[in-house]
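Here are some comments for a colleague who is reading this structure for the first time. Please keep the sequence and the 3D view open while going through the numbered points.

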Amino acid sequence: MSPVPLGFWAVAGAGGGATNSYELISSVILGSDTSTINFTSIPSTYKHLQIRWACRTASGGSTIETQFQFNGDTGANYNIHMLFGNGTGAYADGYAANSISAKYGSVAATAGAWGTGIMDLLDYSNTSKNKTAKILSSSFYGTGDKGVALNGGLWRNTAAVSSILIWANGGNASWNMQTGSRFSLYGIKG
Amino acid sequence: MATPTYTPLANITLSSAQSSVNFSSISQAYRDLIVVMNVSLTSGQWPYYRFNNDSSTIYNYVAAYTDGTSRGSNYSANDPAIFIDLNGQITATLETITINISDYSATDKHKSCLHRKNKSDGYVNMTGGRWASTAAITSVNLITTTSWAAGSTFALYGVVA
């Protein structure tokens, strides 16, 4: 590894120290195929949340979306807008829904391949704001269906987010997330 | 109790131009890696990155991009590297690039990465990549056919999960 001039990473002088501001809250690695993952009892002590993941479904065709639902709200209280590219063209879409989605968050079982994504949920505990999310995701299904997408999501609710339900679907059906799929929840202080 | 994470592993500022920058002997103690770059080149080119110095043709990537006027998407399969932006050169203008590498130490997964590139007078780009190898990543190689300019910065972070 090249030498590291610590620069602004250096710890403060005597009596002080850098504050850990990005903390792992919970991480799930599936030991068996599972229909949903639910992060519950999320502490309200952070400013923002981030979820990082790698996901694959046992079946389901090619492009599989990863879905996120907050506080058990199954109503049509979410909006999504996205910009995505599939190697052929760049496209946009937007609609109301009953969850926030990552368009290329997962992939149907293809040897070694995994969908991946990062979701930032901003001001998740602020009870004066509807909740906004930014999601970057990508997946490859063999040499066929593939893509990269930037999604913006809105949950039209000012409640603090205390739980996040996650599942995968494609082709109008939900699919079990496969063994080895991993979702990690982080809290960011501010 | 929540676990502190997001650890700086290396931080490089080039005192002189060089054709490649390598993060090597990467600790396997993390779940994800993040590379953050603020860079320019000595002359316009299309830089790329590899893992473990692997130049075999097992990299796939798909990108979407716009310069505010035109937009598009491209895809490349079975390449010897992942290009940061096939559509827009990196030039002498500074731009920021962030590369997220997921499950880099997992030996049961091909390696997936997401990168974003932002250039104030050119293209913004998002790319998803896949290195079709289950080997743990021990080095990240950032390569150009010209040179990364003096003053370019490269930082590597490990994220625990």
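**Notes on the interface, the cysteines and the cores**

1. Between chain B and chain A there are 12 residue pairs in polar contact, where both residues have pLDDT 80 or more. On the side of chain B that touches chain A, the residues divide by class into 22 nonpolar, 17 polar and 8 charged. Please bear in mind throughout that this is a predicted model.

2. How many salt bridges does the rule find across the interface of chain B and chain A? There are 3 of them, and a student may like to look up the pair formed by B:Asp103 and A:Arg182, whose closest N and O atoms lie 2.6 Å apart.

3. The extent of the contact can be described in two ways. Counted by residues, chain B contributes 47 and chain A contributes 47; expressed as area, about 3700 Å² is buried between the two chains, and carbon and sulfur atoms give 64% of this area. Within the area that chain B buries against chain A, 17% is supplied by B:Asn11, B:Leu114 and B:Met126, which is more than any other three residues supply.

4. A search of the whole structure, over all chains, finds 0 disulfides.

5. The largest nonpolar core contains 41 residues, and the members that touch the most other members are B:Phe23, B:Met37, B:Val140, B:Leu142, B:Trp148 and B:Phe154. Leaving aside residues up to four places away in sequence, B:Val140 touches a list of residues that includes B:Val21, B:Phe23, B:Ile26, B:Leu33, B:Val35, B:Phe51 and B:Ile101, and also B:Asn22 and B:Arg50.

Note on methods:
Residues numbered from 1 in each chain as written. Chains lettered and ligands numbered in written order. Predicted model: local features only at pLDDT ≥ 70, side-chain atom pairs only at ≥ 80, totals over all residues. Heavy atoms only, no water. Contact = heavy atoms within 4.5 Å. Buried area = accessible area lost by both parts, 1.4 Å probe. Salt bridge = Lys/Arg side-chain N within 4 Å of Asp/Glu carboxyl O. Polar contact = N/O pair within 3.5 Å; in protein donor to acceptor, adjacent residues only side chain to side chain. Nonpolar A, V, L, I, M, F, W, Y, C, P; charged D, E, K, R; others polar. Disulfide = S-S within 2.5 Å. Core = buried A, V, L, I, M, F, W, Y, C linked by side-chain atoms within 4.5 Å. Buried < 20%, exposed > 50% of the residue type's maximum accessible area, 1.4 Å probe, protein only.
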